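Please read the following note with the sequence and the model in view. The points concern the ligand site, and then the protein as a whole.

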Amino acid sequence: MNTRAFVRECAPKTQALFLVGFMGAGKSSVGELLGQRLGWPFEDLDLRIQQRDGRSIEQIFAESGEAFFRRIEHDALREVVNELGSNPRVIALGGGAFAQPENIQLLKSAGAPTVFLDGSVDELFRRCQDQGRPRPLRSDLDLFRKLYDARRGHYMSASLRVDTSGKDVAAVASEVAEALGL
Ligand code: S3P
């Protein structure tokens, strides 16, 4: 969907905005800034998962495996969607959440706009490296690229794609806000 169509179809009924995309796309940092600018609360789905489970994402993967993580990720997302009301908010999803068909379906049936923050794989990989935070599914560049390629089709089903390559957090946040007509 192009920007004009996005504004026409989504912005008037926007009560929540979901940021999706691969690791290193800047979903949390853009989401936080966007929330501040719009005066909308920001939430990071991974934080909710950690609070509900009482373990870090890294521990959940190590002790219970990815399939378990995907189940509790879906439960947490369903909880967020059920809480959506008249107060708008910005929500950042973890990199794999919008690659699960049941989550895509959930967001589509909630009518919530989704923004795919994209970028070159090399840059995404480098940003993850610079952040230094442990990410269970980030290994070497080859596997990182393969995982990105496998997920891209799902990401492309988002309401809008914004290329973050070479842009800082503030520029991306402005672009998303502009696309929303806000
Ligand atoms: C994941 C990305 C992570 C986190 C988990 C799984 C993925 O979030 O949800 O490690 O499958 O790509 P970020 O995209 O914030 O790194």
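**Note on the ligand site and the overall fold**

1. In this predicted model, the side chain of Arg-70 places an N or O atom 2.7 Å from an oxygen atom of the ligand. This is a polar contact, that is, a pair of N or O atoms within 3.5 Å.

2. The backbone also takes part: an N or O atom of Gly-95 lies 2.8 Å from a ligand oxygen, and a polar backbone atom of Gly-96 is 3.3 Å from an oxygen atom of the ligand. The protein buries 97% of the 390 Å² that the ligand exposes when taken alone (Shrake-Rupley method, 1.4 Å probe).

3. There are 15 residues around the ligand, and Lys-27, Asp-46, Arg-70, Arg-135 and Arg-151 come nearest (a residue is near if one of its heavy atoms lies within 4 Å). The shell comprises six nonpolar, three polar and six charged residues, with Gly counted as polar. Helix α4 (residues 57-83) supplies four residues, the largest share.

4. The protein contains eight helices and five strands (DSSP runs of at least four residues for helices, H or I, and at least two for strands, E). Along the sequence their pattern is α-β-α-β-α-α-β-α-β-α-α-β-α.

5. Residues are numbered from 1 along each chain as its sequence is written, and side-chain values use heavy atoms, without hydrogens and water. Local features need pLDDT of at least 70 and side-chain atom pairs 80 or more, whereas totals for chains, interfaces and linings use all residues.

Conventions. A polar contact is a pair of N or O atoms within 3.5 Å; within protein, one must be able to donate a hydrogen and the other to accept it, and residues adjacent in sequence count only if both atoms are side-chain atoms.
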